Amino acid sequence: MTRPLTTLLLIAMLCLTMEAQTNGRDFIRQARVPEAAYTPTQTTFSLVTLAEAEGAVVRLYSNDGTLQRTQPMTRQTSAPVDKEALSLWNASIDGDLNGTFYTFEVTQNGRALGETPGTRALAVGVNGKQAAVLDLNDTDPKGWRFDRRPRIPAKDLVIYEMHHRDFSIHPSGRFRHRGKYLALTEKRAIKHLKRLGVNAVHILPSFDYASVDETRLDQPQYNWGYDPVNYWVPEGSYSTNPYDPATRIREFKRMVHALHKAGIKVILDVVYNHTFDVGGSAFQHTMPEYFYRHNPDGTYSNGSGCGNETASERPWMRQYIIDCCRHWVDEYHIDGFRFDLMGIHDIKTMNAVRRALPPDIFIYGEGWAAGGCALPNEQLGMKANVSQMPGIAAFSDEIRDGLRGPWDGDDKAAFLGGVKGNEESIKFGLVGGIQHPQVNLSKVNYTDIAWAKQPTQLISYVSCHDDMCLTDRLRASIPGLTEEQLICLDLLAQTAVMTSQGVPFMLSGEEMLRNKKGVHNSYNSPDSINHLDWNNINRYPQVMRYYSRLIAMRKHHPAFRLGSADAVRRHMSFLNLPELMVGFCLKDHAGGDRWNNIHVILNANKTDQTVSIPQGRYTIVARDGEINERGLDKFEGNSVTVPAQSALIFHQ
Ligand code: CA
């Protein structure tokens, strides 16, 4: 073959490939329309299927469930999108369909795939079985037009993880809307959050999930909600009327607005990594097998531990996650996303989500999976790969388990229980997971790399909804613990969390010494296990006082939240201390702080410890379970005594 011919052939082949790619991109752009685009005179229904589908219909229903009409949809376009050919169908129906329920049904290989509300329903009826045409403008509550996301940089966040029902179901909370979105609009809720000082609530899954029957809300039912059905719609059981599609949307927005007015961000826990089931999912009813990862033998890969995992690397699934997050930001003014099992999603998707959202949207996730995935670890949003995902953070199990003990045994203790050798893991969390000359990575649990490029990429925490809550874990892992010691260790643990250069995160109710009666996995336990008992605020006033003053101190002092790896390396140095102690100094007016040389010393020993410090005159602001920024005491010298099982903070 002559050279010009080869070149021509190559150019022709390139053009063909480019055309295919362009078609795929064009297709995705076209297909990203709402599945039910409403105007007062006409609604246009759209649906994406595999190109091999032979037909699709949309069915309209009246409020009593009677079928009104079945409208065949027309194939608009088909295109190869990566390895799969997809089709876009639509059907326009005249008239004002506001409030009309609908479903789709796709036929493929001569088989009807079953009715589905679609994969991108923006409004649904009870239990999310049917979608609804809705003018979303009608769902905006009073003042929504003026709603603004609070401007809080990642380094300044203090995150409070909560479940709607845990928070407000117990009568002692005296909420009007117990277990509902609206509880968070009530003065007592806002007042508590403000007093505690958190500035972001992370709500456990609040998109429509399966495991609570919305037709039986008069009966006690409980679930965390990690079983997604309709990703684009608020869960119905937290609304006052799950039958009316507008109510859950309006009430969700009212919740967001009330929190925003109080300067509190709202972070949504999103669970794109798996669906409640495969057979019944909207994914399977529209594009069989497309959205899921498979093993070489054709079985479903199960990195979620829930029987399936989704395939974020496929272009239409990637676009799905991006568009869904954008919908929550645009329509609901959501401030951040916590990705459940982020380690199942591919890095490219996570970065695409990051790019698609405004920079002030905070994104973090679990940098692990619950089992092996059908995609190599190097490509996944694992903790070890966080450095390849700028602007995305991951939970640090290093500091969590360095404090409380490993995840594989509730009775195993660590630093808090007087187990030596966890000091470096805690230091790793304190610096925000970045490279720091004084953190010996070979002694850090679970990792041998500094996986964060910036400290705001590490979520510092000691407990969350998963596993035992802090008090239960302390009791389970430390035999003979007295209530006095329990409180001391609880406060010590949160001092580590809240003085970390990472982003601090706490489980709701820890501020009132919540317990779950020792239940390790309370995902479907009754209220009696999961509820917050608000009487505890009065029972343990010192706990709430310490938490709120600790958070206030963090917020008042930029030294605790330097925000950049270089600043942390420059200003944060560790003290040379005996075992079961970790201490650091934030030196030289770190971050422009008016306090100089702030020392934080954590002592997990059962006895007071006297340690050497640089000669100086110091003001003590935290000691033995009490905090006062104006000063608890002053001293001058080159040594200091740190009371047993507590934190000491002092500055010059
Ligand atoms: Ca539901």
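Modeller: Happy to! Let's take helix H7, whose buried residues pack against H6, strand S15 (336-339), strand S16 (362-365) and strand S17 (392-395). Please keep in mind that this is a predicted model. Which residues of H7 are buried? They are Ile347, Thr349, Met350, Asn351, Ala352, Val353 and Arg354. Buried here stands for a relative accessible area under 20%.

Helix H6 takes in residues 315-332, and the loop between helix H5 (282-286) and H6 holds Glu289. The phi of Glu289 is near 75°, a positive value although the residue is not glycine. Most residues other than glycine have a negative phi. With a relative accessible area of 31%, Glu289 counts as partly exposed.

Further along there is a second residue of this kind. Asp467 has a phi near 65°, again positive in a residue other than glycine. Its place is the loop that joins strand S18 (458-460) to helix H10 (470-477). Is Asp467 buried or exposed? Asp467 is buried, at a relative accessible area of 14%.

Now let's step back to the whole chain. It contains 15 helices and 26 strands, and its assigned domains are domain 1 (9-115), domain 2 (155-274 + 331-560) and domain 3 (573-651). The centres of domain 1 and domain 3, taken over C-alpha atoms, are separated by 63 Å. Along its principal axes, the C-alpha trace spans about 85 × 75 × 45 Å. For 652 residues, a compact globule would have a radius of gyration near 26 Å, and the 27 Å of this chain agrees with that.

Of the 652 residues, 63% are buried. Among contacts with a separation of 6 or more, 71% join residues 24 or more positions apart.

Finally, the surface and the charges. The chain exposes about 24,900 Å², with carbon and sulfur atoms supplying 49% of that area. There are 70 positive and 72 negative charges, and their mean positions lie 6 Å apart.

Note on methods
Residues are numbered from 1 along each chain as its sequence is written. This is a predicted model: local features need pLDDT of at least 70, side-chain atom pairs count only at pLDDT 80 or more; totals for chains, interfaces and linings use all residues. Side-chain values use heavy atoms; hydrogens and water are left out. Helices (H or I, at least four residues) and strands (E, at least two) are DSSP runs, numbered from the N terminus. The radius of gyration is taken over C-alpha atoms; the globule rule is 2.2 Å times the number of residues to the power 0.38. Buried means under 20% relative accessible area, exposed over 50%, partly exposed in between (1.4 Å probe, protein chains only). Contact means heavy atoms within 4.5 Å. Accessible areas come from the Shrake-Rupley method with a 1.4 Å probe; for residues, only the protein chains shown count as cover. Lys and Arg count as positive and Asp and Glu as negative; His and the chain ends are not counted. The place of a charge is taken as NZ of Lys, CZ of Arg, CG of Asp or CD of Glu. Domain bounds come from an automatic or database domain assignment.
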